[in-house]
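Biologist: Could you take a close look at the charged and aromatic side chains here, and walk me through how they pair up?

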Amino acid sequence: SHWVVNRLPKGKDKVLASVGAETVVKSWFTKMEDSGVSDTVRTGLEISRKTRRQLESEEVLHKYGLTGQKYLDLVYHDKPLELLLLLYEDPSIETRTRAAAGNFPDINSAAASIASIHEINITRVKHELMDKWLPANVSGGGGDHDDTMTDFTLNLNTLKSETQEDNVDNVNLIRCVYLLQAGEGQDDGGVQYLLKFGFSSDQAVSTQHKLRALKSLFSVCSDGRLEEVTGRKVENIKQYMKSLVYLSRLESLNLPYTLASLEAVSKTSLVESVWRVAKASVEGVLLVRDLCSEYEIWGPGMWAALLDRMMALALVSELTSTLLLLNSRPQLWNSPQFLKAWNLVLHTPFRSVVPPANRDQRTQCHDAFKLINFCPTATDLDLKTLGELK
């Protein structure tokens, strides 16, 4: 049997022959158990099992288009656990989140098959990987400030970051979501794993850890299923998650709040405290803006100061979204800062062009012109300067 296996070309026939060879050796082993198994027979069984597992694992890799040499090397060095861990770091897991369509390998199915071949508990492997990937880097920032402006399902198609550490955290979160999306992912304990951390009261579980667990939960679980497993309304979970977002951002500014103190504090006092401590930083200014919007704080003085700081920090992109937000607040339109901010947003793309303009620069200028239609005080804009810049 061993001779036949070694002389067949790679493929299904060779795999089938290895299964037959192991069956023959097992039968031999069983018949000798009563009279004492020799070392030769014991070694033969180990070799036949190892050969069968290697050939089956290689066949799985070929089936799912995962024939990279680094994977095949681990197969023939008999390191199945390392192979599983490496498969879940395959670049295709991140790439598939950037494209609407594509032919990507089914990592989950490949990993499940290889784990079955080697009698490895794939659920335990996944939980170990989530233990590694779900917590955010402790030295990273307090989260993306855009989180408060969007739905809480993890947006896998808008991956962005400002630092390498942020990017690593984002990619790790994508990997966590992917490995939970296998077939019957809700039956392998993945949801319960996320719930354990998302709603944890353990101080050792950081706010970012809870937030990432909840993001993953919303990405792999329907609203109905979420209400079923948590016993809470989805709206209540989203509100809890929103509080965690703000708490995380406060922590990144070294402001000593807890979830309880954040819920109890006067929101006006909260805004004033953050502004007083963090108005010199981009993160602080954007947090104040989002807190004012979230808690309906529309004092003209506060918003005038906010627009001034955003202009001083040249936050043109953030100013654009902020001005569109303020379009529903006519009491703020007469502010000099409101008009000045609109002019800055409209003029900046043209001032930054170095002739000849490339496609991106032309697009930015075109978009700036379209923004004029959204300005509620368009007749007061400095359109003469805009025309000269054009």
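Modeller: Happy to! Let's start with the term salt bridge, which stands for a side-chain nitrogen of Lys or Arg within 4 Å of a carboxyl oxygen of Asp or Glu. This is a predicted model, where local features need pLDDT of at least 70 and side-chain atom pairs count only at pLDDT 80 or more, while totals for chains, interfaces and linings use all residues. Residues are numbered from 1 along each chain as its sequence is written, and side-chain values use heavy atoms, leaving out hydrogens and water.

There are 14 salt bridges in the structure. Some join into a network, made up of Glu22, Lys26, Arg49, Arg52 and Glu56. Helices here are DSSP runs of H or I with at least four residues, numbered from the N terminus. On accessibility, buried means under 20% relative accessible area, exposed over 50%, and partly exposed in between, for a 1.4 Å probe and protein chains only. Glutamate 119 is exposed at 67%, whereas arginine 53 is buried at 18%.

Lysine 132 bridges to glutamate 89, again with closest N and O atoms 3.7 Å apart. Here lysine 132 sits in helix 8 and glutamate 89 in the loop between helix 5 (80-87) and helix 6 (92-95), 43 residues apart. For contrast, look at aspartate 290 and arginine 289, whose salt bridge spans 3.0 Å from N to O. Aspartate 290 is buried at 2% relative accessibility, and arginine 289 is buried at 3%.

Now the rings. Five aromatic pairs turn up in the whole structure, where rings of Phe, Tyr and Trp (its six-membered ring) pair if their centres lie within 6.5 Å, and planes under 30 degrees apart count as stacked, over 60 as edge-to-face and the rest as tilted. Tyrosine 246 and tyrosine 295 make a tilted pair, 6.1 Å centre to centre with 40° between the planes. Tyrosine 246 is buried at 1%, while tyrosine 295 is partly exposed at 25%. Tryptophan 298 and tryptophan 303 are stacked, because their centres lie 5.3 Å apart and their planes meet at 15°.

Note on methods
Helices (H or I, at least four residues) and strands (E, at least two) are DSSP runs, numbered from the N terminus.
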